[in-house]
Amino acid sequence: MNKTNLSVNLNKIALLRNARGSDYPSLVNFAKSCMEHEICGLTLHPRSDERHALSSDVLDLATLCKDNNLEFNIEGNPFNIEKGSFRGFENLVTDIKPHQATLVPDEDNQITSDHGWIRGAHDKELKLIIERLSEDCTFVSMFIDANIESVDYALEMGVNAVEIYTGPYAKLNKDERVLRIEEMHEIFKYIKSNNLKLNAGHDLNLENLPDLIDLNIIDEVSIGHAIITESLIHGLDNVLSQYIKIIR
């Protein structure tokens, strides 16, 4: 049986903290609460405008993960260079040497990530960046849409993992998801047949996650927004316990 791991994205906690300009709620303390559950690690997605996760947060949580033998996953646009207090994505990876770096084609004016990578003028430079990042990470992953063409593109770029953008899947009702998940399963099998680590993330929650887990093929899910939102209603310990029950 394939084991699916859960990495908790803490961007929303950073956003809440930044609203008051203090260290409350503490990202580190919240991370420690998450670590009391059977998670594989933590995720942060710093953007160059630092509207939520800061470069200092990346350093703090990466250190916390290493000290506790957990994985740290840094997400972000690899073309984001140093600007002001932002260290730059590649510099952060070099600084922390994370277990995983997930490359996302987001722009600062996007509310959130809303699509995967597609071929373009950036291909040559992206491939060079991936080669450099591979020296500092166990896994370099590309955030891609759920189609064969995107998987082939990731293979050409030289990554050893992909994260499937699950936003479109999550927006479907339960009946529609049953049909879509059959198509996704074929893509997932193609990914695994090419020896890529298979991750999934974006808008996954307690309601739509179980069907994906039941495919028994996904290696890791990264969830943040839903966990924090559901925790406001039901409490963090209760919510994380439910997620762990689903993936186990």
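User: Over which ring does the charged end of Lys197 sit?
Analyst: In this predicted model, a charge is taken to sit over a ring if NZ of Lys is within 6 Å of the ring centre and within 35 degrees of the ring normal. The charged end of Lys197 is 4.7 Å from the centre of the ring concerned, and that ring belongs to Phe139.

User: How far from the centre of the ring of Tyr169 is the charged end of Arg177?
Analyst: The charged end of Arg177 sits over the ring of Tyr169. Its distance from the ring centre is 5.8 Å.

User: Is the pair of Phe79 and Trp117 stacked, edge-to-face or tilted?
Analyst: The count of aromatic pairs comes to two. In the pair of Phe79 and Trp117 the ring centres lie 6.2 Å apart. Planes over 60 degrees apart count as edge-to-face, and because the planes here stand at 65 degrees, the pair is edge-to-face.

User: Is Trp117 buried or exposed?
Analyst: Buried means under 20% relative accessible area. Phe79, at 26% relative accessibility, counts as partly exposed. Trp117 has a relative accessibility of 4%, so this residue counts as buried.

User: How many residues apart in sequence are the parts that the pair of Phe143 and Tyr165 ties together?
Analyst: Phe143 and Tyr165 form a tilted aromatic pair, with 5.4 Å from centre to centre and 50 degrees between the planes, and both residues are buried. Phe143 lies in strand E5 (residues 139-144) and Tyr165 in strand E6 (residues 161-165), so the parts tied together are apart in sequence by 22 residues.

Methods. Residues are numbered from 1 along each chain as its sequence is written. This is a predicted model: local features need pLDDT of at least 70, side-chain atom pairs count only at pLDDT 80 or more; totals for chains, interfaces and linings use all residues. Side-chain values use heavy atoms; hydrogens and water are left out. Rings of Phe, Tyr and Trp (its six-membered ring) pair if their centres lie within 6.5 Å; planes under 30 degrees apart count as stacked, over 60 as edge-to-face and the rest as tilted. Buried means under 20% relative accessible area, exposed over 50%, partly exposed in between (1.4 Å probe, protein chains only). Helices (H or I, at least four residues) and strands (E, at least two) are DSSP runs, numbered from the N terminus.
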